[in-house]
Amino acid sequence: MGQNLTEVSGTYAHHFLLDARSVCAYAKDVVHYFDVNDELECMEIGDGNINYVFKIVSNTSGKSLIIKQADTVLRSSGRALDMTRNKREAEMLRIERALAPQYVPEVYHYDERMCAIAMEDISSYKNLRTELISAKEFPLLAGDIVSFLVETLLPLTDLVLESDQKKERVKYFVNPELCAISEDLVFTEPYTDYKKRNIITCGNARFVEQALYRDGTLHSCVAALRNSFMNNAQSLLHGDLHSGSIFVNEHGMKVIDPEFAFYGPIGYDVGNVIGNLFFAYALFYATAITAPCDAHFFIWLTETIAELFDSFETKFKKKYDELVHFPLYKTTVFKNAYVQGVLADAVGYAGTEMIRRVVGDAKVRELTSVTDMQIKIPLERALIMLGKTFIKERKALTHGADLTQAAQDIFAFMLQGC
Ligand code: SR1
Ligand code: MG
């Protein structure tokens with residue numbers, strides 16, 4: 001499905017932003033995914049801050065296709081952003097799919113001029129964030145997420161890759177502009193508000209001032225996590241593994257959107273997933289205050305968070321024994337210390353993710369959907385306190401049950417009387 005010369009030198013020789021009509025022609029002319037006579041329908045389905053996503057369906061053959069296109073500017077703010085991001089994304093999807101085929105959509109075509117990725121339609125899977133907001137349970141979720149993490153992360157470390165190959169990958173995936181977004185939004189602004197972009201719920205300004213802007217111990221811990229994010233090129237990460245990047249159904253899971261991919265600390269991906277599961281936890285807690293709720297879902301979610309953390313350790317160590325052959329790395333003491341470091345990072349980064357979504361400007365629906373201020377104010381405080389606990393106590397919270405117990409204690413305390 002390559003491009004021919006006419007297409008390269010003609011209509012699609014230079015980037016322009018596709019729309020629902022032009023993307024249908026593009027899918028035929030460039031991707032050659034549909035027959036020229038097919039009657040196509042298209043919807044723009046992107047719900048992120050950055051790119052445009054089109055779903056194209058042929059009424060003639062029933063085939064469907066996704067085209068994701070990067071524009072010259074951010075969709076949310078109109079600010080310019082490095083367009084090579086989706087070249088990296090296409091390459092990352094290919095790498096992840098080679099390692100974990102069942103969890104990653106297939107890329108059919110990548111067009112560097114149009115900054116467009118044509119890929120498999122995964123519409124039979126639904127956005128995990130939306131599904132958890134609807135209190136849907138997915139018994140396979142923890143196992144699938146852990147398998148995806150272990151299968152895509154461990155083989156790309158230099159425990160497994162040859163030194164020169166790993167460095168080639170590190171070079172290719174230097175991702176300065178998207179990493180700068182995280183360095184600011186995740187690791188700086190929540191603690192200093194130096195760009196005055198934080199969005200603090202009315203009634204929580206003084207709390208945030210004390211709890212986040214003036215806690216020197218917290219700042220030193222976040223500094224360590226920030227430094228590791230920027231310098232610990234441990235593995236090739238997805239880089240933005242929130243619950244809107246994960247799609248699920250009762251049979252399995254797909255992971256999309258790795259445009260923030262870069263070589264960083266493994267715990268950042270693991271922690272992002274865990275932090276985002278706590279948003280569903282928080283929303284359930286808030287909803288249960290005023291309406292009858294499905295306790296079964298809450299128990300499943302709590303167990304899923306704990307299981308995810310614990311089985312990451314088990315599966316990672318098992319895979320380690322299979323894939324790592326360098327004699328010095330095979331020593332038990334080194335292996336255990338390596339894994340303990342990853343787990344402590346994961347707890348810390350779960351904390352930074354929770355805090356940044358509460359006070360930063362990239363909010364999550366679980367929190368924006370809570371509008372009763374009597375609940376929203378203590379709920380956000382609970383997430384901030386839990387985030388701080390995770391960041392400061394990251395080396396002491398070594399089991400999944402430690403995380404969920406901390407959450408239970410803090411939520412019960414902060415929301416008592418609601
Ligand atoms: C300007 S981008 C804001 C957020 O959306 C992305 O998905 C990342 O999480 C980023 O922090
Ligand atoms: Mg994204």
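1. D257 counts as partly exposed, at 23% relative accessibility; the class covers values between buried (under 20% relative accessible area) and exposed (over 50%), computed with a 1.4 Å probe on protein chains only. D257 is not a glycine, yet its phi is positive, about 65°. The residue sits in the loop between β9 (253-255) and β10 (262-264); strands are DSSP runs of E with at least two residues, helices are runs of H or I with at least four, and both are numbered from the N terminus.

2. The model is predicted: local features need pLDDT of at least 70, side-chain atom pairs count only at pLDDT 80 or more, and totals for chains, interfaces and linings use all residues. Residues are numbered from 1 along each chain as its sequence is written, chains are lettered from A and ligands numbered from 1 in the order in which they are written, and side-chain values use heavy atoms, with hydrogens and water left out.

3. A135 also has a positive phi, of about 60°, although it is not a glycine. Its place is the loop between α4 (128-133) and α5 (141-153). With a relative accessible area of 27%, A135 is partly exposed.

4. How many disulfides are there by the distance rule? The count is 0, where a disulfide is a pair of cysteine sulfur atoms within 2.5 Å. For C42, which is in no disulfide, the nearest cysteine sulfur is that of C24, 4.8 Å away.

5. C115 is in no disulfide either; the nearest cysteine sulfur belongs to C42 and is 18 Å away. C115 is buried, at 5% relative accessibility.
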